[in-house]
Amino acid sequence: MALLEAKGLTKSFYGVTVLHGVDLAIEPGEVLGLVGENGSGKSTSMNILGGVLQPDGGSMTLGGVPYAPRDPRDASRAGISFIHQELNLFPNLTVEENLYLDGFPFRFPFLPFIDRRRIRQRTKALLAEVDLPASPATPVSSLSPGERQMVEIAKALSGQARLIIFDEPTTSLTSREIERLFALISKLRARRIGMIYISHILHDVLRLCDHVLVLRDGALVGSDRAANMTPERMVTLMVGRTMEQMFPPRFEKPSATPPVLELRSVSQPGVVKNISLVVHRSEVVGVAGLLGSGRTELARIIFGLAPRQTGTILVEGRELARSPREVMQAGVAFLTEDRRLEGTLGSASIAHNLALPAVESYAGTGTGVLDSARLHAAVSGMARSVQLKASDIERQPINALSGGNQQKVVLGKWLMRSPKVLILDEPTRGIDVGAKYEIYRIINDLAAQGAAILVISSEIEELIGLSDRILVMCHGEFSAEFNKATFDPEEILRAAMKKPVHSSP
Amino acid sequence: MKKGVKAHGILVALRLLPYAVFVVVLVTFASLSSRFLQVQNFLNILVQAAPVAIAGIGMTFVLLTGGIDLSVGAVMYLSACILGVFFKSVAWPVGLLLMMACGSVWGALNAVFITRLRVVPFIVTLATLFIARGAALYLSNTKMIFLPKEVTGLNRLYWFGIPFAIWTLAVVLAVAWVILRETPFGRQIYAVGADPVAAEKAGLKVGRILFLVYCISGACAGMGGFVSITQVGAVSPSFALEREFAVIAAAVLGGTSLFGGRGGVGGTIFGAILIQTVNNGLVIINANPYIYPLVTAAIIFLAVLVDSLRERILKRLQARQIRVEEGGDARLASAPARLP
Amino acid sequence: MPTLQQKPVSARVRNAPPGGMALLKRTLFSEYFTLVLCVTYFVVMLPFSPALGTPTVIKNIFSEMIPLLAVAIGQTFILILGEIDLSVTSTIALASVFGASIMTSNGGYLANQPAAVPVGLMAFLLVGLGVGFLNGASITYLGMPSFLVTLTTRMLFSGIAIWYTTFHTRLSSISGLPQSFLWIGQGEWNGIPYSMAGVALLAVVAHLAMTRTVFGRWLYAIGINRQTARVSGVPVERVVILAFMISGFCAALCSILYTGRLQTGTPILGERILLDVIGAVVIGGTSLFGGKGKVSWTVFGVLFLVLVDTTLRLLGSSLFTIFMVKGVVILMASVMDALRNRLFAER
């Protein structure tokens, strides 16, 4: 009998259906892989299993009994543990306290005193089970991300978990920690614990899982034994279209004129080391790299959001200042990785968002009084040119738009300044395929108009489709450079995963 | 990595700064007046610090959750008025419990607005501060209230040579310490302060924890008010006026963060003693009474400044940890191994 | 300060009948909610205190509104940023005694000199700008929470004001102010007080600054999302400091008007209006969470508080009743603000 069975799960947010009847089943001791692009419904369906969200329709059974958790606590009592991407541990508490936070055993019956001896012994046993050689009284703040993950798993085991959901568990782990995690997953499988493994790293999914489900746009588009799956097939199912369709053609050739953006041996200890690069007019340079390789930090250093110790950054031969405002005035624009936190003014109108970086150029000198007519004309022109789908840009808050349209607004607000240099950090994260294509088109148009563009992305296919050159970052340094003729996804990946030449201090 | 070490050094220095200030204060007053260094004077300081320390222990619970309670001074006054107007003839233990009950009811009122209606704590407690003071002025008819000898005489009550105020403080401190360290509720307070959203996700009853915390603060304020009455003898309309400042400062000087999740009740006692020492010293050296509020304001400013700087540095250190420095082997997210 | 974030979807509110819900939303989100509230309050209270309808009382209400409006407009800038300025009351007091100490004929620094009034007025405004700068700099450069910074400076400057007074007089306030100064607060032109014209001008300028200038755009942007604003090139520190200086400036204007009316520089001037200022701005609809607010809302909010104040006094309520009622008004206003914020998040 199946450990967990879900039938026809549906869920909508604000009238938008994000899950159209998803079915899944998992046996004890089975590892089920779940893959799909961002926004395909993976997290929503797992949040339903973990009790974070309630489904609008459909049913679930756990061990043959109807299962409808009202909150995460309900789910964990029923034996389902959800290990989130960002870990839910409290750094100001110890390991043992984190493990028993919502159910400390008492030392005396009816008196709410924590039985320290008991939780220490139990924690010790659990930590041994996950092979973590730390004392139960260690504060979590002093553990590494990998060690914290082990603590999360230990916590799941302490709650007698029958099913553990892993959401992108390897993103912040070292390769040694990843091997330990995989060994642990095999061990749990032997204990007949069911697991759901969500990851973008398809090789890991194939290696670990017995069965793979592929989601696209909130629906199940593929379900097969892992033995019958290949990365190619998964990608085809996930994306639903081929490479040629995904990227608009480029016509402009980068010019050989003096560089627009130039970095000369930029270093910041522990972050980036000796970075030199040039970007020319009409050139798109891609930066590939692992999470934590220093690619985002490099962009933030250029834009003045992070400090640098040594090195020079030049735009059209003039040295850049170190505050975002001055960098911007030199003609640099920066689309950040986290749209909600750093890209949009959530409750403000689309027009307010679009105008923000360029607003000073629509004001009378000295007074700061805005020329509303000119500003409105410019903003609506920009909304049209990025093909924004919105009803009323002056009134509609940006929050009310889809992710793709929000990203167009964020891109548009930088285009309002007609930047000479545009830095894009994960420009298509969390947006649907159609909107992606339009974002690519805007980037190409901008390059055609002569901008120098630096794109950072964790999707290698995206970099290959967009860039004229690709630089690969590894441990804060550039480890390889590829020209359009030599683009090869596997080579790029290999360069990004190089072992460090000299051990870091 | 050198930078990290330096940041840790600054953190330690900021943590120790209030203690350094305490030493400077002691040395300064000792050199200005010979009366300051007498044992009896230190005992006086301790006794006089007790009301603020007791209320500060309650405040520590609130601050640990990341909240604040500005109504404690007003609660001291209101509960004292209720005792003095309606229950003049009760035995003192009953009076003490009564004032604590009044305080916790007021705390519950604060908590309803904070947890159920989601209004920010400082606005709620600022408003209830005025409401409580208004209600107390109404009850007392803006007149002095005199309490029976039974209560005011407690000031001269000694058990085993230790005055009543110190006993009370010791009991409250012990209970609070055990609650924070050794009960699930105590540990959950720290979790809520670190991250209320994560605490909710972890299945903690955040609303209930916050509710209790404000009740505790109110009860401690009531108790602090009671101890204060035994010392001043009568309740004037300016009783405990703006005492909330000293109470908050005591907790923060003791190392409890205004940003939640960090600190403990032990430090609060130190903070209260530091504040009382300064006040006591100013009296002994016959300082101009007009500078008292300035000195108090300066101490609070210092406390808030030190805490804000610590929080800033800790945040920066955390941000560095999120990046995988040594773990560069983490892999490309969402990289299909081979493309069609 | 970590506060509980809203749950993404509150089932309770969503399941409410659509009609009632829509009505509640429409009322709460209405531009003129506070004006409607004022009219309703007026109509309801009229039978209890008929004097409320007399021309004298109505004129008095407007006259009471003027200084309060000045300081409330300054506070609106601060609330839009998502900060708060509790130090305005002691700014009013300190400006009052400092300005008076220059102008007074009883031994003022410029007693009986022609420059006394202009310099005195400058002194008022300088105090306001100075306190504002100090608040703003502590908040931006030292990273301290604004409500604690301004609570502390409130205590500090109130202490300084009282102390400062003792250098100039044995009494509790500084009298003997020149006639031409009093004339600012009391003079009229065709029945329109100069003070009213002045504050109306302030309101218009503030409104234009919020809606039609770069500074206004930056103000709202910071209030909605500080980090986005910073990344988009908004000079956050400069804007925050400037806003606090505006708040101090407005408090100083208020101080000039109150001082002119009382005819003395008083170190406890404005001590009681803290709740009125915050209450007026919040009940007007400007959010404590930042990013939302208007001068016109503040005008209605001030009207409401002065109405409440006036009726309470007409009904013969004591000072402490007024305290309690205003405390309740603030509580209700902030509950509505929180409710609006939640409903907005769900739209």
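Trainee: How many of the eight residues of helix α1 (residues 42-49) of chain A are buried?
Mentor: This is a predicted model, in which local features need pLDDT of at least 70 and side-chain atom pairs count only at pLDDT 80 or more, while totals for chains, interfaces and linings use all residues, and side-chain values use heavy atoms, with hydrogens and water left out. Residues are numbered from 1 along each chain as its sequence is written, and chains are lettered from A and ligands numbered from 1 in the order in which they are written. A residue is called buried under 20% relative accessible area, exposed over 50%, and partly exposed in between (1.4 Å probe, protein chains only), while helices (H or I, at least four residues) and strands (E, at least two) are DSSP runs numbered from the N terminus. Helix α1 of chain A is largely enclosed by the rest of the structure, because the number of its eight residues that are buried is seven.

Trainee: What is the relative accessible area of A:T44?
Mentor: A:T44 has its place in helix α1 of chain A, and leaving aside its neighbours within four places in sequence, it is in contact (heavy atoms within 4.5 Å) with A:K11, A:F13, A:V18, A:L19 and A:L53. A:T44 counts as buried, because its relative accessible area is 14%.

Trainee: Which residue just after α1(A) takes a positive phi?
Mentor: The helix itself has A:K42, A:T44, A:S45, A:M46, A:N47, A:I48 and A:L49 as its buried residues. Just after this helix, a positive phi of about 85 degrees is taken by A:G51.

Trainee: Is A:V272 buried or exposed?
Mentor: A:V272 has its place in strand β14 (residues 272-279) of chain A. Apart from neighbours within four places in sequence, its contacts include A:V266, A:L298, A:I301 and A:M473. The relative accessibility of A:V272 is 4%, and therefore A:V272 counts as buried.

Trainee: Is A:A373 buried or exposed?
Mentor: A:A373 is placed in helix α14 of chain A, and its C-alpha atom is separated by 9.5 Å from that of A:Y362, which is 11 residues apart from it along the chain. With a relative accessible area of 58%, A:A373 is therefore exposed.

Trainee: How many residue pairs are in polar contact across the interface of chain A and chain C?
Mentor: Here 33 residues of chain A are in contact with 24 residues of chain C, and the number of salt bridges (a side-chain nitrogen of Lys or Arg within 4 Å of a carboxyl oxygen of Asp or Glu) between the two chains is zero. A polar contact is a pair of N or O atoms within 3.5 Å, where within protein one must be able to donate a hydrogen and the other to accept it, and residues adjacent in sequence count only if both atoms are side-chain atoms. With both residues at pLDDT 80 or more, the number of such pairs across this interface is 13.

Trainee: How much area is buried between chain C and chain B?
Mentor: The buried area is the accessible area (1.4 Å probe) that two parts lose on being put together, summed over both. In this interface 45 residues of chain C are in contact with 47 residues of chain B, and there are zero salt bridges across it. Carbon and sulfur atoms give 81% of the area, which in total is about 4500 Å².

Trainee: What radius of gyration does chain C have?
Mentor: Chain C has 15 helices and two strands, and its C-alpha atoms fill a box of roughly 70 × 55 × 35 Å along the principal axes. The radius of gyration is taken over C-alpha atoms, and the globule rule is 2.2 Å times the number of residues to the power 0.38. For 347 residues a compact globule would have a value near 20 Å, which agrees with that of chain C, 21 Å.

Trainee: How is C:S30 classed by its accessibility?
Mentor: C:S30 lies in the loop between α2 (18-29) and α3 (33-45) of chain C, a chain in which buried residues make up 57% of the 347. Because its relative accessibility is 30%, C:S30 counts as partly exposed.
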